[in-house]
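Good morning, and thank you for coming. Please keep the structure in view as I speak.

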Amino acid sequence: MNASGNTHTLAIRILALWLESRSICTPTVVDHRDLQELAQHIIKAAPKALLISMALPEQFNGVAAITALVGELPAGARRRVIVGGYAIKSGLVRFVPGADLVTDINLLSVS
């Protein structure tokens, strides 16, 4: 998914294709403004991880809200949150509470 305010979808589509080439199912969430609806989606879909593309540091609060939401889910529904994108790759954002940061797609652990 994109961080709130990150309107382009090219990066998440490329990542989805990269993961699918490794036989990993990758549904894409485009609209996640309603965090309670997102929480229900996470519980229902039970993904192994949530991957968020953050293009700009200004999107930090939205990403932090998602990681906080995931941390508040019931223990069995909590998922790993991985954040990448330009803001991470360029070092503009170096920490997101509750998330692992990935600066390069090749460093992404897909197992």
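This is a predicted model: local features need pLDDT of at least 70, side-chain atom pairs count only at pLDDT 80 or more; totals for chains, interfaces and linings use all residues.

The largest pocket holds about 1000 Å³ of space. Of the 40 residues that line this pocket, those closest to its centre are Leu15, Leu19, Leu50, Leu51 and Leu108. Residues are numbered from 1 along each chain as its sequence is written, and side-chain values use heavy atoms, with hydrogens and water left out.

A word on how the pocket was found. Rolling a probe the size of a water molecule over the atoms shows where empty space is left. On a 1 Å grid over the protein atoms alone, a pocket is an open set of points where a 1.4 Å probe fits, with protein on both sides within 12 Å along at least five of seven lines, and lining residues have an atom within 4 Å of a point. Grid points are joined across faces, edges and corners, and the volume is the space filled by probe spheres set on the points.

Which elements supply the lining of the largest pocket? At least two residues each come from α1 (10-20), α2 (35-45), β1 (49-53), β2 (80-84) and α4 (86-89). The greatest contribution is that of α1, with six residues. Helices (H or I, at least four residues) and strands (E, at least two) are DSSP runs, numbered from the N terminus. By class, the lining comprises 27 nonpolar, nine polar and four charged residues. Here Ala, Val, Leu, Ile, Met, Phe, Trp, Tyr, Cys and Pro count as nonpolar, Asp, Glu, Lys and Arg as charged, and the others, Gly among them, as polar.

Leu19 belongs to helix α1 and is buried, with a relative accessible area of 8%. Buried means under 20% relative accessible area, exposed over 50%, and partly exposed in between, with a 1.4 Å probe and protein chains only. Although Leu19 and Leu108 are 89 residues apart along the chain, their C-alpha atoms are separated by 9.9 Å.

I turn now to helix α3. Its 13 residues reach 18 Å from the first C-alpha to the last, close to the 18 Å expected at 1.5 Å a residue; the expected span is 1.5 Å times one less than the number of residues. Which residues of α3 are buried? They are Val63, Ala64, Ile66, Thr67, Leu69 and Val70. An α-helix has 3.6 residues a turn, so residues three or four places apart point the same way. The cover over the buried residues of α3 includes α2, β1 and β2, where contact means heavy atoms within 4.5 Å.

Within that helix, which spans residues 60-72, sits Thr67. Its relative accessible area is 7%, and its side chain reaches the backbone oxygen of Ala64 at 2.9 Å. Such a polar contact is a pair of N or O atoms within 3.5 Å; within protein, one must be able to donate a hydrogen and the other to accept it, and residues adjacent in sequence count only if both atoms are side-chain atoms. Leaving aside neighbours within four places in sequence, Thr67 is in contact with Val81, Val96, Pro97, Gly98 and Ala99.

In the loop between β1 and α3 we find Gln59, buried at 6% relative accessibility. The side chain of Gln59 reaches the backbone nitrogen of Ala55 at 2.8 Å. Beyond four places in sequence, Gln59 is in contact with Ala3, Ser4, Gly5, Asn6 and Met54.

Ala87 lies in helix α4 and is buried, at 0% relative accessibility.

Ser23, in the loop between α1 and α2, has a positive phi of about 60 degrees although it is not a glycine. Ser23 is exposed, at 71%. Ala46, in the loop between α2 and β1, likewise has a positive phi, near 50 degrees, and is partly exposed at 38%.
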